[in-house]
Amino acid sequence: MSRQTIAQINLSAFRHNLRCVRTQAPSAQVLAVVKANAYGHGLMNILPALNDADGLALLELPAGIALRERKYGRRILLLEGFFSPDELKEISRHRLAVVVHSHEQIEMLQQAKLARPLEIFLKINTGMNRLGIPVDKTKQYAELLTSFPSVAALRLMTHLGRGESHEGAVDQLAKFEEACQGLPYPKSIANSAGILRYNAVGGEIVRAGLMLYGSSPLPGKPAHTLGLQSVMTLRSELIAVQEVAAGELVGYGEVYRTTRRSRIGVVACGYADGYPVTARNGTPVIVAGKRTVLVGRVSMDMMCVDLTDIPEANPGSPVTLWGEGLPIDEIAHRAGVISYQLMCAVAPRVRFVTTEVGKVDFEL
Ligand SMILES: Cc1ncc(COP(=O)(O)O)c(C=O)c1O
């Protein structure tokens, strides 16, 4: 049997989380954000669960085209729009919607001769100071864009950089309102944090990412308290067990020394699989259904766990590194990173297995 390091993708959980988004934003259209290969879950793995969304948002043009080739018919929004004029024909041919965030893109649209005009999401910089046109240029650019033959429809959009912080988002929301004053176009404002915190003002079109995958966008509010379920469970198994005397070092360097006679389990998962090397001693791991801890430094292909209190654990025992029963947010916190990063970093050598519900069969 091959190395059993598996990312289990639970489509029922994804569907459930999408229903949570709809409960929070009942009158909005929901775009599922699936950039970066569906936040590392595999776009084509997630595809069967995407029927419940009103459309998708991503930024990779080839992925948008691949979705059309798979007969995905609803709206697909390119979140960074286009990068050069030659992309516009492809975008038009595949009926993709685009974010327009810069003067340069507006000029490219002005020159474009397209068989089918585009749906445009004009992105306004309301204080994140990343992408977007200035608030005071909104009216002028809206008028200009709607006069172009290459533009079929206009939406107004912003992105909240501090959706979890009351003060920050209120400020951005006020600026967005100022920008949109008197303009009759539909609005798209909220990401996951915005959907949960400001559901009344998220706009007619919300863009849900993180919460669809079952991670909490709100610090201090664990995902389960928001009704969210883990979509990705990273699983592996023990490949060796060592009996170690008290006072011995485990793994590379001098990161962990046993304080008692210990059983140390070796898990077939390391940083080359996407597990964070910054995770410290004490990071939780589930072995044979029981919670224990990581000991020592994570190595490229393996990591060690304390099995002293799980005598029934042996080579072949199942290990959960995050997901079902062990929130990814907890691991991210321990590793000093964000859960987005953990999801996106699962390595290609990890086998992805899609399930509707329940546990994966390790023999698959
Ligand atoms: C423009 C835009 N909208 C929506 C999202 C989704 O955000 P989240 O994953 O926090 O829901 C992102 C993600 O970074 C984004 O860049």
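1. Which exposed residues does the face of helix 7 turned away from its buried side carry? They are Gln-140 and Glu-143. Helices (H or I, at least four residues) and strands (E, at least two) are DSSP runs, numbered from the N terminus.

2. A word on the model. It is predicted: local features need pLDDT of at least 70, side-chain atom pairs count only at pLDDT 80 or more, and totals for chains, interfaces and linings use all residues. Residues are numbered from 1 along each chain as its sequence is written.

3. Now the overall picture. The protein chain has 364 residues, and 46% of them count as buried. Its secondary structure comes to 11 helices and 17 strands. The C-alpha trace spans about 75 × 45 × 35 Å along its principal axes.

4. The protein chain divides into domain 1 (11-214) and domain 2 (232-355). These bounds come from an automatic or database domain assignment. The C-alpha centres of the two domains lie 37 Å apart. Their contact takes 9 residues from domain 1 and 8 residues from domain 2. Two residues are in contact if their C-beta atoms, placed from the backbone, lie within 7 Å. On the side of domain 1 that touches domain 2, 5 residues are nonpolar, 4 are polar and none is charged. Here Ala, Val, Leu, Ile, Met, Phe, Trp, Tyr, Cys and Pro count as nonpolar, Asp, Glu, Lys and Arg as charged, and the others, Gly among them, as polar.

5. Next, the largest nonpolar core. A nonpolar core is a set of buried Ala, Val, Leu, Ile, Met, Phe, Trp, Tyr and Cys residues joined through C-beta atoms within 7 Å. The largest one holds 110 residues, and those touching the most other members include Val-30, Ala-32 and Leu-56. Domain 1 and domain 2 each give this core at least three residues. Beyond its neighbours within four places in sequence, Ala-32 contacts Leu-18, Leu-50, Ala-53, Leu-56, Ala-208 and Leu-212.

6. Helix 4 (residues 61-69) buries Leu-61, Gly-64 and Leu-67. Seen down the helix axis, they fall within an arc of 120 degrees, so they line one face. The arc is that of the directions from the helix axis to the C-beta atoms. On the other side, Pro-62 and Glu-69 are exposed. Strand 3 (55-58), strand 4 (75-78) and helix 5 (86-93) are among the elements covering the buried residues of helix 4. Just after helix 4, Lys-71 takes a positive phi of about 70 degrees.

7. Helix 6 (residues 103-111) has Gln-105, Met-108 and Leu-109 buried. Their arc is only 100 degrees, which puts them on the same side of helix 6. The face turned away carries exposed His-103, Glu-104, Glu-107 and Gln-111. Cover for the buried residues of helix 6 includes helix 7 (138-146).

8. Back to helix 7. Its buried residues are Thr-138, Ala-142 and Leu-145. They line one face, because they fall within an arc of 70 degrees seen down the axis of helix 7.

Technical notes. A residue is buried if 20 or more other C-beta atoms lie within 10 Å of its own, exposed if 12 or fewer, and partly exposed in between; C-beta atoms are placed from the backbone.
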